[in-house]
Amino acid sequence: MVSRVIPVDPFDLVIFGGTGDLARRKILPGLYRRFLDGQMPPEARVIGAARSEMDEDGYRDFVRAAIEEFVDARRRDPERIEAFLERLGYVAIDARGTGGWQELRDRMRAGVVRAFYFSVAPALFGDLAERLHGFGIADGDSRLVVEKPFGHDLASARALNTTLAAHFNEAQIYRIDHYLGKETVQNLMAVRFANILFEPLWNAQYVDHVQITVAETVGVDGRGSYYDQSGAMRDMVQNHLMQLLCLIAMEPPNRFDPDAVRDEKLKVIRALDPVAPEDIVRGQYGAVGGQPGYREDVGNSDSRTESYVALRVHVSNWRWKGTPFYLRTGKRLRARSSEIAITFREPPHSIFGEDERWKENVLVIRLQPNEGIKLRVMIKEPGPGGMRLVNVPLDMSFAEALGEGGTDIPDAYERLIMDVIRGNQTLFMRGDEVEAAWAWTDPVIAEWVDAGSRPVSYDPGTSGPEDALMLMHRDGRRWREITP
Ligand code: NAP
């Protein structure tokens with residue numbers, strides 16, 4: 001099955017921070033792939049903007065190199081790359097100055113969608129919004145794409161919302177969480193709400209527990225000074241893991257519409273119990289075999305910032321009372337693996353006798369690598385020898401199930417950028433959602449700051465701290481293996 005590509009309306013997309021790491025690795029290669037798939041209409045234009053002085057040819061060289069480095073060789077066609085580069089422009093601009101803004105204004109065309117991607121440090125978001133408004137570049141239909149982190153805590157997120165709201169309304173603001181752009185994450189909604197099979201079981205009566213894991217093998221990767229001020233709770237849990245939790249726990253929205261979906265997610269965040277200190281494990285990777293540990297990586301010999309966190313979370317509502325959600329995320333772990341696993345309860349009675357060890361039905365939604373959905377079920381072991389049971393996966397790997405079209409699943413960023421052009425905010429966080437997430441996260445962090453808590457050390461290449469195992473063992477449960 002080859003995927004259907006629906007072209008979007010003509011647009012002018014300005015990427016502030018168009019020479020930065022995110023633009024180079026994700027945004028520009030993603031736009032090239034959308035162009036290749038015929039999704040960018042001939043009138044679409046992309047304008048890079050940053051302080052570096054560069055002419056348009058210089059910028060095209062920069063983008064050509066980014067495509068060479070970050071687009072799969074099978075999709076690099078020199079002629080198509082040149083055709084894509086013709087749609088690019090560049091304006092040297094300072095978010096905090098006045099130079100370049102008039103030129104940018106002159107470049108914008110009437111009658112096309114205007115989108116402004118803020119791929120710069122969050123401290124510049126307010127300056128950009130102000131100038132876009134002040135120079136008359138953005139109109140009432142223009143869209144802003146805002147990168148993470150959206151604030152550092154509730155107060156800063158509120159301040160940022162207020163700054164943006166001074167010049168733009170909520171319907172114009174697209175707060176990106178690239179986890180929501182992943183194919184499998186959207187598939188989670190399709191699986192839940194387009195089938196009758198799961199929803200009747202999707203509650204505390206039938207779900208024993210839920211595990212959400214986002215494991216990375218990388219360390220702080222040159223982002224040490226940012227990360228040491230942030231830590232896993234702010235950098236991953238407050239946004240990505242909570243968004244995933246919301247999509248699992250939310251009630252069915254009455255339609256697949258931005259506000260209907262986001263209203264339901266917000267209710268989940270508001271239903272989260274405060275986390276008890278004994279339900280949290282914080283870890284920091286140590287130095288092993290000559291490899292630097294976290295503290296060396298961030299250049300802070302007394303850092304108390306966590307590079308790993310595991311939590312037991314309760315959603316206090318009728319649907320979920322009694323089903324714990326276990327969340328964990330960390331750096332320098334055994335494998336790069338992100339997944340959601342929903343473990344169902346035991347059948348009430350076994351007709352097969354005590355010898356036949358029952359194993360759980362588990363629905364595993366794998367986000368990376370190898371996006372796909374797997375359901376573990378019990379079947380009869382094939383062959384003679386009586387009725388012996390075995391637990392096997394019913395597997396739906398997208399690459400295999402969707403054939404040719406499935407092998408090239410669009411990257412989350414390219415999908416989300418196309419949603420911005422379409423004006424669809426469903427997969428973007430609303431301002432009140434972000435604030436509610438911080439309102440839940442802040443007291444957790446405040447508690448361990450007040451207590452002067454130090455993260456426990458764990459060895460790189462493992463599943464994280466031993467204490468995290470205990471978080472589940474004491475409930476008679478086990479974490480799933482972290483496997484690539
Ligand atoms: P980066 O590599 O440091 O790039 C920053 C960009 O902003 C550069 O193009 C820089 O170009 C430009 N810039 C800096 N000061 C400016 C100013 N005063 N006026 C105009 N442009 C200015 O940062 P990044 O990693 O791409 O990250 C960009 C944003 O995405 C950040 O908010 C980050 O938190 C977020 N993000 C990044 C990643 C990632 O993988 N990189 C992942 C998630 C979120 P000049 O120096 O030439 O001005």
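Okay, so domain 1 and domain 2 bury about 1300 Å² between them, with 66% of it on carbon and sulfur atoms; that's accessible area, 1.4 Å probe, lost on putting the two parts together and summed over both. On the domain 1 side, Lys-26, Arg-34 and Arg-143 lose the most area to domain 2, together 33% of what that side buries.

Quick caveat: this is a predicted model, where local features need pLDDT of at least 70, side-chain atom pairs count only at pLDDT 80 or more, and totals for chains, interfaces and linings use all residues. Numbering starts from 1 along each chain as its sequence is written, and side-chain values use heavy atoms, leaving out hydrogens and water.

The assignment gives domain 1 as 11–147 and domain 2 as 180–473, bounds that come from an automatic or database domain assignment. Their centres, over C-alpha atoms, sit 32 Å apart.

What about charges? We count three salt bridges between the domains, meaning a Lys or Arg side-chain nitrogen within 4 Å of an Asp or Glu carboxyl oxygen. Separately, Glu-414 and Arg-33 meet through their side chains in a salt bridge, 2.8 Å from N to O.
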